[in-house]
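Here is a friendly walk through one structure, taken a question at a time. Have the sequence and the 3D view open as you read.

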Amino acid sequence: MAIKYLPEPFRIKMVETIKMLTPEEREQRIAEAKYNLFNLKGKDVYIDLLTDSGTNAMSQEQWAGVMKGDEAYAGSASYYKLIEAAQDITGYAYIQPVHQGRAAEKVLFGILMGKGQFSISNMHFDTTRAHVELTGARAIDCVVSDAMDPAKRAPFKGNMDVDKLESLIKKYGAEKVALVIMTVTNNSAGGQPVSMQNIRETASVCKKYNIKFCIDAARFAENAFFIKKREDGYGDASIKDITNEMFSYADMFTMSAKKDAIVNMGGLIGIKDDAELFSACKGRTISFEGFITYGGLSGRDLESLAIGLYEGIDENQLRYRIGQIEYLASRLDDAGITYQAPAGGHGIFVDAKALLPHIPYYEFPGQALAVELYKEAGIRTCDIGSYMLGNDPDTGKQLHAEFEFTRLAIPRRVYTQAHIDVMAEALIEIKKRANRVKGYKITWEPPVLRHFQASLKPLT
């Protein structure tokens, strides 16, 4: 039985016209895009669930902030407003703006790691893994076993396997583990949350072996909301207080502010108290992003980000946000469609391996389902599976992902219940003809982050 939909905690003041192409037009567009959803033109997409990053709707307060943004090259008033907001929410002494999350990784990881070293995470996301490997280090995932079974319902399937973490540190040697990264929420595991206890225990292991601990904080507010709702002792705590505690256990964070801070562009690096490390970050920011008081962002971006950080931790917004995801999940439950359960924070991760069991991992079931969703209803999604994972950097062979998901990442404050129903109905229609869906073969790929650019063709 579908749960009652939570109404939007806002009124709509401006609309953007969208249209659905005919089935024949959609077939033509996806073929022209070489079956890569990233190659589609935005105007040819009816419902865009490719990512929730930078695709959110800003508030009237944020748009007012855009008009007030201080565009000074150095020492912008908007910069100081952002720093004050970020320090308040995270409790960190040092904050550096950058243009997005991958820029934060590029600046920070180049200082901390290099060839012959390792980064261990509950799960690295695609750009995080790429930036680890670009330094010459290796990325090792260490998520709890609960996450491996999409049908199993557990409250914190994004957790780090702390026992495995310690065994990996002993295996590789603490001196070779450059960084431990906790991704909150755990994107690659299905937007699944991490408990406060798990963050605390992971921090304890890092301290024991004198290893730096970093939070990938793209969806920090959603994670805090799940802690409030699911973890004993936090039911009466504010989202801000939970967020402060989460950050207190780490040494640093990277953040794509294009998610929970609800802006179209922006990112942050946070350093708790290491002035020397922060100084190195500032030097690399000047080289890669621009002067330290704008970090690749315009003053209007800095201003809207300072406002968005607070809007992102608003409990009414988060209750509605998570409620949208839970409503879609309930529709899929009724239809018998498996996804990473329970529903995560920023979208639904449909288990393409379960829906398309006849397609092996090396023919990319997650990508096959993503193409079918576009052909069925003009919905753009993406693969979170073997296609995204890529090839082994040592052997060049296709890696076998733990999951074969198709991710429906839902932007904040953008789509209505009617749009959510279209998503559900499209998946239900595909399920009816699932045995006729074919896999795909890559005809061209770049060496890094191939899923953004690769060309594919359907197998016959």
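Q: Which residue in β5 stands opposite F118?
A: This is a predicted model, so the pairing is read from computed coordinates. Strand β3 (residues 118-121) runs parallel to strand β5 (residues 177-183), and four bridges join the two. Opposite F118, the residue in β5 is V177.

Q: Which strands are the edge strands of the seven-stranded open sheet?
A: Let's follow the sheet across: its order is β2-β8-β7-β6-β5-β3-β4, with mixed pairing. Neighbouring strands are turned by 20 degrees against each other on average, direction ignored. Pairing on one side only marks the edge strands, β2 (94-98) and β4 (138-141).

Q: Which residue in β6 does T183 stand opposite?
A: β5 and β6 pair in the parallel sense, over four bridges. On strand β6 (residues 213-216), F213 and I215 point one way, while C214 and D216 point the other way, and all are buried. The residue opposite T183 is D216.

Q: At about what angle to β2 does helix α10 run?
A: Helix α10 (residues 275-288) lies across β2, β7 (252-256) and β8 (267-271). Its direction relative to β2 is given by an angle of about 15 degrees.

Q: Is α8 roughly parallel or roughly perpendicular to α12?
A: The axes of helix α8 (residues 220-230) and helix α12 (residues 315-335) come within 10 Å and cross at roughly 85 degrees. Angles of 65 to 115 degrees count as roughly perpendicular. That makes the relation of α8 to α12 roughly perpendicular.

Q: How many charged residues does the contact of α8 with α12 have?
A: From α8 come A221, E222, F225, F226, K228 and K229, which meet E315, L318, R319, R321 and I322 in α12. By class, this contact has five nonpolar residues and no polar ones, and its charged residues number six.

Q: Why is one side of β9 and of β11 left without a neighbour in the sheet?
A: The open sheet of three strands has the order β9-β12-β11, with antiparallel pairing. β9 (347-351) and β11 (382-384) stand at its edges, so one side of each is left without a neighbour because each has a single partner strand.

Q: Which residue in β12 is the bridge partner of D383?
A: β11 pairs with strand β12 (residues 405-409) in the antiparallel sense, over three bridges. α14 lies across both of these strands and β9, running at about 45 degrees to β12. In β12, the bridge partner of D383 is T406.

Q: Does Q367 count as buried or exposed?
A: Q367 lies in helix α14 (residues 365-377). Leaving aside residues up to four places away in sequence, Q367 touches Y35, N36, L37, D383, Y387 and L456. Buried means under 20% relative accessible area. At 2% relative accessibility, Q367 therefore counts as buried.

Q: Which residues touch the most other members of the largest nonpolar core?
A: This core has 65 residues, and another core, of 63 residues, lies apart from it, with I140, M182, F213 and L297 among its members. The residues that touch the most other members are L328, I348 and M423.

Conventions: Residues are numbered from 1 along each chain as its sequence is written. This is a predicted model: local features need pLDDT of at least 70, side-chain atom pairs count only at pLDDT 80 or more; totals for chains, interfaces and linings use all residues. Side-chain values use heavy atoms; hydrogens and water are left out. Two strands pair if DSSP finds at least two bridges between them. Axes are lines fitted to C-alpha atoms, for helices over the stretch in contact, and angles run from 0 to 180 degrees between N-to-C directions. Contact means heavy atoms within 4.5 Å. Angles under 35 degrees count as roughly parallel, over 145 as roughly antiparallel, 65 to 115 as roughly perpendicular and the rest as oblique. Ala, Val, Leu, Ile, Met, Phe, Trp, Tyr, Cys and Pro count as nonpolar, Asp, Glu, Lys and Arg as charged, and the others, Gly among them, as polar. Buried means under 20% relative accessible area, exposed over 50%, partly exposed in between (1.4 Å probe, protein chains only). A nonpolar core is a set of buried Ala, Val, Leu, Ile, Met, Phe, Trp, Tyr and Cys residues joined through side-chain atoms within 4.5 Å.
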